[in-house]
Amino acid sequence: MSTIQHRPGPRGDSWRVVFRLDGRQRVVTFASERAAQEWRAVLDIAGPAKALVALTDQPASQRITRTVRDQVLRHVDRLTGVQEGTRRTYRGMASYALGDLGDMTIDTVTRDDVAAWVNARAEASSGKTLRNQHALLAASFTDAVRDGLLVENVFTGTRMPRTDHDDAEMVFLTPEEFARLHAVVSPQYQALVVFAVGTGARFGEITALQRQDIDMVRMTARIRRAWKHTGRSARVIGPPKSKRSNRTVRFGAEVAERLEPLLAGERRHDDWLFTTKSGGPIGHSSFWRHAWAPAVRRFAGDEIGRRLESGRMTEYTVTAGPGKRPRFHDLRHTFASWAIQRGIPLPVLQRQLGHESITTTVDRYGHLAQSDFDPLAALTDDALAWIVSAPRGIEG
């Protein structure tokens with residue numbers, strides 16, 4: 001049994017033929033009522049499979065032929081309140097992540113097609129990347145539903161693959177390991193890495209701090225801006241990652257001691273807190289190349305070679321050493337692990353880290369809080385202690 005649904009839309013009316021195929025609801029959308037009625041007649045006489053083949057005979061002007069890739073790009077163009085760098089990232093997803101799915105028209109995509117795409121991408125992407133790609137597609141199809149092009153969003157309710165391997169990407173440092181890493185970091189940036197591991201703030205947030213953001217009496221730092229990439233080499237200052245990322249973080253006496261020299265002297269209140277040797281803001285790529293990567297090589301115990309590049313002597317790894325290889329972001333993970341070891345509740349950690357949801361904190365660091373489950377073991381021990389002395393049965 002098929003039906004025709006008329007849907008007005010901002011770009012003109014459309015007519016959708018709704019039917020079932022292999023137990024699933026399918027939709028084909030047309031630009032005119034007559035075209036929808038003619039195809040429905042074929043559908044009712046010949047059946048869904050043959051009718052879908054007959055779609056190739058329909059004039060292109062009569063069918064809604066927007067592809068998945070076109071729908072995603074249209075969704076990206078309509079986004080508001082996002083940085084241009086975010087748009088470029090989303091457009092990049094549309095170019096490399098969709099595969100064959102991108103060439104399908106939005107009205108022919110089924111939940112089986114979505115499942116096949118998710119399973120294929122799971123082999124090539126991290127769990128976080130796949131979730132981001134799926135979320136972009138789901139939001140794009142929600143737009144299509146709102147515009148009257150689709151009856152339902154086939155991306156909703158998709159069960160995503162397990163992402164336990166994401167945990168393995170984190171590197172947690174012990175205090176002793178961090179001390180060794182700190183010792184091989186350039187003195188210009190030692191205060192920066194201490195602040196990172198002492199607060200859990202993100203690199204883009206830390207390097208956007210100004211002197212006025214630091215309160216040495218309360219030992220707090222106000223996170224209210226962050227560096228954003230535009231998708232090219234340029235960066236701009238924008239708001240933090242999310243609403244909860246706009247926050248105040250606490251730090252301890254050791255961090256405060258490192259900040260005191262940076263706050264001394266006659267400088268403007270809106271000067272950068274952490275700077276390069278020339279006094280400018282710290283860029284991610286330059287910091288990674290000239291400060292972080294060399295420090296990690298020494299920390300890991302690499303055999304290091306040197307070569308001249310663009311008139312400057314640079315280091316490279318000849319033979320990899322046996323030590324850990326933390327990313328700068330792993331200082332944030334390390335802070336979280338130290339906090340949990342000290343018994344800091346996850347909701348408090350959520351506020352310090354600026355996670356939008358406690359779910360993010362639990363999913364990312366909940367496995368470290370195993371001591372929280374110790375009272376459960378004690379509870380069951382107490383409740384079941386009577387078994388030791390109770391009769392185990394009646395012997396015949």
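Colleague: Does Arg225 count as buried or exposed?

Modeller: The model is a predicted one. In it, Arg225 has a relative accessibility of 12%. Buried means under 20%, so Arg225 counts as buried.

Colleague: Where is Arg225 found?

Modeller: Strand β5 covers 220-223 and strand β6 covers 226-229.

Colleague: Which side chain does the side chain of Arg225 join in a polar contact?

Modeller: The side chain of Arg225 reaches a backbone atom, the oxygen of Ala208, at 3.1 Å. Ala208 is also among the residues in contact with Arg225 once neighbours within four places in sequence are left aside, as are Glu205, Gln212, Ile237 and Pro240. Between side chains, a polar contact of 2.6 Å links Arg225 to Asp213.

Colleague: How are helices α13 and α14 oriented, roughly parallel or roughly antiparallel?

Modeller: Helix α13 spans residues 330-341 and helix α14 spans residues 346-353, with their axes 11 Å apart. The two pack at an angle of about 155°. Angles over 145 degrees count as roughly antiparallel, which makes α13 and α14 roughly antiparallel.

Colleague: How many nonpolar residues does the contact of α13 with α14 have?

Modeller: In this right-handed crossing, α13 contributes Arg332, Phe335, Ala336, Ala339 and Ile340, while α14 contributes Leu346, Leu349, Gln352 and Leu353. By class, one residue of the contact is polar and one is charged, and the nonpolar residues number seven.

Note on methods:
Residues numbered from 1 in each chain as written. Predicted model: local features only at pLDDT ≥ 70, side-chain atom pairs only at ≥ 80, totals over all residues. Heavy atoms only, no water. Axes fitted to C-alpha atoms, helices over the stretch in contact; angles between N-to-C directions. Helix = DSSP H or I, 4+ residues; strand = E, 2+ residues; numbered from the N terminus. Parallel < 35°, antiparallel > 145°, perpendicular 65-115°, else oblique. Left-handed = near helix turned anticlockwise from the far one by under 90°. Contact = heavy atoms within 4.5 Å. Nonpolar A, V, L, I, M, F, W, Y, C, P; charged D, E, K, R; others polar. Buried < 20%, exposed > 50% of the residue type's maximum accessible area, 1.4 Å probe, protein only. Polar contact = N/O pair within 3.5 Å; in protein donor to acceptor, adjacent residues only side chain to side chain.
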